[in-house]
Amino acid sequence: MGQQVKQEILNRINKSKYFSILFDCTPDVSHQEQLTEIIRYVHIVNGEVSIEESFIDFIISHEKTGSGLADEISSKLKEDGLNIMDCRGQGFDNGANMAGVHNGVQAHIISKNDLAMFVPCAAHSLNLIGVHAAQTSPTIITFFGVIQKLFTYFSGSTSRWEKIKNVLKITLKSHCETRWSTKKQAVSVLKNNIKGVYEVLEKLSEDSKLNNDTKIGAKHLLYQVNLKFLCLLNLWYIVLNQIDYVNIALQTKNQTIDVAVKMLNGLIKSIQEIRENGFKKCLSEAKDMAKSLNITSEFTNKRTSVESKDTENKFRAQCYEALDSILSSLCWRFEKMSQIASDFNFLSGNLLSTMESEK
């Protein structure tokens with residue numbers, strides 16, 4: 001049955017003639033590296049047109065290099081009865097062995113067929129942009145580390161988890177480096193519930209009935225929830241919501257490249273606006289929150305005002321550095337997509353309806 005379904009899909013692809021390829025590498029549970037093969041094509045039945053993405057196969061891969069993977073992909077297409085010269089598009093992640101300009105899979109396939117245009121995965125590109133921005137300075141790295149420590153502290157004990165659940169309407173979230181969307185969830189929950197979390201930590205740090213590990217752990221986390229942390233919580237909450245909105249939209253089934261590029265340009269403008277006007281607002285909100293939590297609303301309480309101002313300036317510079325990283329990455333990572341959208345812009349509905357007939 002599986003072979004019959006696969007053959008029917010391949011017959012449809014051959015009938016449509018032109019196609020695009022989507023390949024991704026991942027290790028399976030037995031630790032074997034495998035490629036997933038997906039073909040994108042236009043399917044026409046009784047005048048009804050649809051764009052299809054059909055899964056074809058898993059391929060056990062023994063290659064790591066771009067040239068080796070390209071040979072495996074070419075051999076598999078030939079085995080499936082698909083002519084690589086009819087390929088009109090390639091979609092991979094941003095790994096050097098897949099997307100490399102000179103030795104990546106896409107470069108080797110283009111050397112065989114220069115009409116097989118490469119478009120890197122937009123969602124993966126956004127994920128990498130966020131990951132790199134979160135590693136621009138020790139202060140930013142520490143911030144996300146504290147968020148993870150808060151989750152680990154409460155989830156490490158059923159009694160602590162019960163206490164936090166009694167206060168919050170929604171549970172704290174963990175986050176990981178490879179899935180940027182998890183950071184948005186973790187930051188959002190904490191941003192909307194920071195007062196409740198802080199109060200639970202205070203109670204745990206002062207409860208004489210609890211063991212030393214619980215009390216010391218709570219005190220350590222209380223110390224780390226300072227003005228810098230509160231300011232970054234506000235800033236990343238705004239940034240991550242903007243990125244996540246576009247990220248979800250990019251992955252919708254019927255998304256078109258012209259609309260995707262417009263959304264990415266809108267994201268660039270939003271991040272620029274945050275960079276120009278967002279820090280001051282986030283800092284002001286953080287100071288108000290610090291006062292409500294009874295912690296210092298200054299960057300340091302043991303130095304002179306001049307040194308305190310210097311600390312604030314350094315902190316602001318680190319925030320700008322992270323935002324600049326996002327902006328520069330957005331521009332160069334999506335340059336290829338913007339070029340393709342421009343080349344095929346004449347096919348968009350808006351232009352087709354407004355262009356002069358001769359044009």
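## Contacts and overall build

Among the contacts in the protein with a separation of 6 or more, 67% join residues 24 or more positions apart, a contact meaning heavy atoms within 4.5 Å. The model is a predicted one, in which local features need pLDDT of at least 70 and side-chain atom pairs count only at pLDDT 80 or more, whereas totals for chains, interfaces and linings use all residues. Residues are numbered from 1 along each chain as its sequence is written, and side-chain values use heavy atoms, with hydrogens and water left out.

The protein has 14 helices and five strands, where helices (H or I, at least four residues) and strands (E, at least two) are DSSP runs numbered from the N terminus. Taken along the principal axes, the C-alpha atoms fill a box of roughly 75 × 55 × 40 Å.

## Surface and charge

Of the 359 residues in the protein, 43% are buried; buried means under 20% relative accessible area, exposed over 50%, and partly exposed in between, with a 1.4 Å probe and protein chains only. The protein exposes about 20100 Å², and carbon and sulfur atoms supply 52% of this area, as given by the Shrake-Rupley method with a 1.4 Å probe.

There are 42 positive and 40 negative side chains, and the centres of the two sets lie 8 Å apart. Lys and Arg count as positive and Asp and Glu as negative, while His and the chain ends are not counted; the place of a charge is taken as NZ of Lys, CZ of Arg, CG of Asp or CD of Glu.

## Salt bridges

The count comes to 13 salt bridges, each being a side-chain nitrogen of Lys or Arg within 4 Å of a carboxyl oxygen of Asp or Glu. One of them pairs E37 with K76, with the closest N and O atoms 3.0 Å apart. This pair links distant parts of the chain, since E37 lies in strand β2 (residues 33-45) and K76 in helix α2 (residues 66-79), 39 residues apart. E37 is buried at a relative accessible area of 0%, and K76 also counts as buried, at 7%. Both belong to a network of salt bridges that links K6, E37, D57, K76 and D80.

Within helix α12 (residues 305-333), R316 forms a salt bridge with E312, the closest N and O atoms being 3.1 Å apart. The two residues are four apart, about one turn of the helix. An α-helix has 3.6 residues a turn, so residues three or four places apart point the same way. R316 is partly exposed, at 23%, whereas E312 counts as buried, at 9%.

## Helix α11

Helix α11 (residues 257-292) contains K291, and the helix bends by about 55° at G278, the bend being the angle between axes fitted to the seven residues ending there and the seven starting there. K291 is exposed, with a relative accessible area of 56%, and its C-alpha atom is separated by 51 Å from that of S342, 51 residues apart along the chain. After α11 comes N294, whose phi is positive, near 70°.

R275 forms a salt bridge with D324, the closest N and O atoms being 2.6 Å apart. This pair joins α11 to α12 across 49 residues of the chain. R275 is partly exposed at 26%, and D324 is partly exposed at 30%.

## A buried lysine without a partner

K215, in helix α9 (residues 212-224), is buried yet has no salt bridge, and the nearest side chain of opposite charge, D207, is 7.4 Å away. Not counting residues up to four places away in sequence, K215 touches L204, S205, D207, S208 and L210.
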